Amino acid sequence: MSSDMHKDVGKILFTERKIRRRIQEMGTQMAADYKGKNPMMVAVLKGSFVFMADLVRAMDIPCEIEFLGVSSYEGKATTNTGAVRLTKDLNTDIADRHVIVVEDILDSGLTLQYLMGYLKNRQPASMEICTLLDKPERRKAEVYAKYKGFTVPDAFVVGYGLDYDEGYRNLPYIGVLKPEIYE
């Protein structure tokens, strides 16, 4: 990874300000939808940790947080392998809880399809998906998010929690990584 991460980004899709504004709107909507329900927010690690932190601060209702770790990429790969591996399970029982699965990007849908099936076996009262980014052009599974921040083109995006080879997560914006960085 370059010492100057910003030079590796070919185009900024969403500025820090635009992201902050959209997350506030999403948090307000979710707070209205879940008023009086104390939802369990389940962040899918690692990519959604930045988004989740800002999202729960934008919700002015009681909610709890939990983390689930999964891996569906191998090494420096830029495409989902389709094989989902659980790296961290929930520490909390979600039976009869209103669960919102928080993801950084809904791409092929394979990981979320696996996770939704896995979590449904734990009998939550309800379960929805909230994603910061939706990339419908790449969808291979029929998975839909009730709450979506932005729709993105079929490009490799980084920043605001999203990575390439564990780098670029700390960029304050979301941008398209230059192809020469990962090819």
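The paragraphs below lead from the overall fold of this predicted model to its cores and then to a few local details of the backbone.

Because the model is predicted, local features are taken only where pLDDT is at least 70 and side-chain atom pairs only at pLDDT 80 or more, whereas totals for chains, interfaces and linings use all residues. Residues are numbered from 1 along each chain as its sequence is written, and side-chain values rest on heavy atoms, with hydrogens and water left out.

The secondary structure amounts to 4 helices and 9 strands, where helices (H or I, at least four residues) and strands (E, at least two) are DSSP runs numbered from the N terminus. Along the sequence these elements follow the pattern β-α-β-α-β-β-β-α-β-β-β-β-α. The C-alpha trace spans about 50 × 35 × 25 Å along its principal axes. The radius of gyration, taken over C-alpha atoms, is compared with a globule rule of 2.2 Å times the number of residues to the power 0.38; for 183 residues a compact globule would come near 16 Å, and the protein, at 16 Å, agrees with this.

Buried residues, meaning those under 20% relative accessible area, as against exposed ones over 50% and partly exposed ones in between (1.4 Å probe, protein chains only), make up 49% of the 183 residues. Contacts are defined by heavy atoms within 4.5 Å, and among contacts between residues at least 6 apart in sequence, 67% join residues at least 24 apart.

What does the interior consist of? A nonpolar core is a set of buried Ala, Val, Leu, Ile, Met, Phe, Trp, Tyr and Cys residues joined through side-chain atoms within 4.5 Å, and in the largest such core, of 32 residues, Phe51, Leu55 and Leu133 touch the most other members. The elements that give two or more residues to this core are strand 1 (9-14), helix 1, strand 2, helix 2, strand 5, strand 6, strand 7 (147-151) and strand 9 (174-177), and helix 1 gives the most, with 5 residues. Apart from this core lies another, of 20 residues, among them Leu115, Leu119, Val143 and Ala145. In soluble globular proteins, nonpolar side chains tend to be buried together.

Leu133, for its part, is in contact, beyond its neighbours within four places in sequence, with residues including Phe14, Ile105, Leu106, Phe150, Val157 and Ile174.

Some backbone details deserve a separate look. Most residues other than glycine have a negative phi, and most peptide bonds are trans. The peptide bond from Leu45 to Lys46, however, is cis, with omega near 5°, and Lys46 is found in the loop between strand 2 and helix 2. In the loop between strand 8 (157-158) and strand 9, Asp165 has a positive phi of about 50° although it is not a glycine, and Tyr168, found in the loop between strand 8 and strand 9, has a positive phi of about 75°. Asp165 is partly exposed, because its relative accessible area is 38%, while Tyr168, with a relative accessible area of 1%, is buried.
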